[in-house]
Amino acid sequence: ELEADSVLTGEEEDESLLLSMSSSSNKLQTREGWWTTFVLYDGCWMDRQAAMSVSLVRAQFVPRDDDVLLATYPKCGTTWLKALAFAITNRRRHHVVGAGDHPLITQSPHDLVPFIELPFRHIHPLAAALDAISSPRLLGTHMPHHLLPPRVGCRIVYLCREPKDVVISTWHFMNKVIEGFSIDFDKAFELFVDGCSPFGPIWNHCLGYWNKHVEEPDRVLFLKYDDMMADPAGHVKKLAEFLRVPFTDDEADAGVVEEVVRLCSFEKLSCLPVNSGVAGRVGVDERPMKNSVFFRKGKVGDWKNYLTKEMAKKLDAVIEEKLKGSGLTF
Ligand code: A3P
């Protein structure tokens with residue numbers, strides 16, 4: 001049995017444990033540039049703490065068939081998806097129409113729908129906390145599909161986003177979230193295009209879930225942020241059907257779909273005290289993190305304000321090349 005506290009001491013010890021859990025027996029490839037050294041752990045870039053956490057989750061997480069996993073690449077709208085899925089699945093208990101006392105008013109979507117691999121340090125208590133949640137559980141993850149715990153067979157909702165907007169969102173987030181750390185945009189862009197971003201390469205992340213969706217469309221729902229922004233109500237209905245709690249005609253007539261959209265909108269959530277004030281959590285690298293970091297602009301196409309034509313072309317070309325033949329486009 002693995003003891004998180006005893007293994008998380010000393011880089012060498014971490015490294016040898018990671019290697020023993022990785023499919024590679026060679027030394028892990030590393031790259032500098034983000035707030036700490038990143039390692040390529042079974043084809044996925046992350047910091048050592050995250051790699052440790054992912055490997056412990058793989059060893060310890062007990063999946064249930066009726067779990068629903070909300071999987072995202074970071075900065076693709078995780079917070080939004082968690083809010084929507086929570087509001088939809090709990091709407092009989094927590095009414096969304098005229099809902100002054102809805103849990104989303106006072107709690108962060110990240111508290112209502114926990115990540116399976118976060119916070120990094122607390123794997124044992126976390127595993128117990130996840131076990132204590134009654135079925136059916138709504139859970140979040142940034143893990144790529146190929147690193148999910150081996151027995152995960154539950155339904156999965158995957159949300160991705162136009163990579164040019166993801167790199168902008170990632171850059172802002174990283175500069176906000178880690179005190180004392182800042183990264184130039186050019187450097188962040190270079191790392192991202194090389195595939196070295198948190199849980200990157202983004203194309204592998206998207207493709208892993210896309211391929212599963214193609215194979216098993218009834219088990220893996222594949223969503224795009226831009227499409228959701230263009231038609232939130234349509235996606236709320238689609239999500240409800242996938243989550244096996246479709247809206248009744250009476251609910252539709254009473255405007256419940258639109259109320260879910262409104263309650264979970266960027267405008268509504270970002271202004272709530274819990275998401276805009278000092279309230280926070282344990283974040284990246286175990287540092288305190290304000291909930292407000294999950295809300296910035298919430299717009300499609302903000303990349304146009306940052307990327308040069310050459311940068312946009314370069315990232316587009318890489319994405320096109322990597323996704324070629326898959327049927328997935330942005
Ligand atoms: P921007 O940085 O482009 O504004 P994640 O939740 O995966 O960390 O993603 C964060 C991104 O989603 C940020 O994008 C954030 O502003 C946006 N976002 C957060 N809540 C949202 C909501 N309710 N609706 C739409 N976008 C939202």
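**View 1. Arg 31 is partly exposed, with a relative accessible area of 23%, where buried means under 20% relative accessible area, exposed over 50% and partly exposed in between, for a 1.4 Å probe and protein chains only.** The model is predicted, so that local features need a pLDDT of at least 70 and side-chain atom pairs count only at pLDDT 80 or more, while totals for chains, interfaces and linings use all residues. Residues are numbered from 1 along each chain as its sequence is written, and side-chain values use heavy atoms, with hydrogens and water left out. Arg 31 forms a salt bridge with Glu 190, their closest N and O atoms lying 3.3 Å apart; a salt bridge here is a side-chain nitrogen of Lys or Arg within 4 Å of a carboxyl oxygen of Asp or Glu. The pair links distant parts of the chain, with Arg 31 in strand S1 (residues 30–31) and Glu 190 in helix H9 (residues 185–193), 159 residues apart; helices (H or I, at least four residues) and strands (E, at least two) are DSSP runs numbered from the N terminus. Glu 190 is likewise partly exposed, at 38% relative accessibility, and a network of salt bridges links Arg 31, Lys 187, Glu 190 and Asp 194.

**View 2. Two further salt bridges are formed by Glu 259 with Arg 262 and by Arg 296 with Asp 302.** Glu 259 and Arg 262 both belong to helix H14 (residues 256–263), where they are three residues apart, about one turn of the helix, and their closest N and O atoms are separated by 3.1 Å. Glu 259 is buried at 18% relative accessibility, whereas Arg 262 is partly exposed at 41%. Between Arg 296 and Asp 302 the N to O distance is 2.8 Å; Asp 302 is buried, with a relative accessible area of 5%, and Arg 296 is partly exposed at 27%.

**View 3. Lys 82, in helix H4 (residues 78–89), is buried yet has no salt bridge.** The nearest side chain of opposite charge is that of Glu 117, 8.2 Å away, with Lys and Arg counted as positive, Asp and Glu as negative, and His and the chain ends not counted. Apart from neighbours within four places in sequence, Lys 82 is in contact with Leu 70, Pro 109, His 110, Val 113, Pro 114, Phe 115 and Gly 140, contact meaning heavy atoms within 4.5 Å.

**View 4. Strand S6 (residues 155–160) is mostly covered, six of its six residues being buried.** Arg 155, Val 157 and Leu 159 are buried on one side of S6, and Ile 156, Tyr 158 and Cys 160 on the other. S6 pairs in the parallel sense with strand S4 (residues 68–72) over five bridges, two strands being taken to pair if DSSP finds at least two bridges between them. Val 68 stands opposite Arg 155 in S6 and also opposite Leu 138 in S5. Strand S7 (residues 220–224) runs parallel to S6 and is joined to it by five bridges, with Phe 222 in S7 as the bridge partner of Tyr 158. Four bridges join S4 to S5, again in parallel, and strand S5 (residues 138–141) has both faces covered, with Leu 138 and Gly 140 buried on one side and Leu 139 and Thr 141 on the other.

**View 5. Helix H10 (residues 202–215) passes helix H17 (residues 309–323) in a right-handed crossing.** The two axes come within 10 Å and cross at roughly 35°, where axes are lines fitted to C-alpha atoms, for helices over the stretch in contact, and angles run from 0 to 180 degrees between N-to-C directions. A crossing is right-handed if the near helix is turned clockwise from the far one by less than a right angle, and left-handed if anticlockwise. Ile 202, Trp 203 and Leu 207 in H10 meet Val 318, Ile 319, Lys 322 and Leu 323 in H17.

**View 6. Backbone geometry is shown at Phe 199, which has a positive phi of about 65° although it is not a glycine, and at the cis peptide bond between Gly 200 and Pro 201.** Most residues other than glycine have a negative phi, and most peptide bonds are trans.
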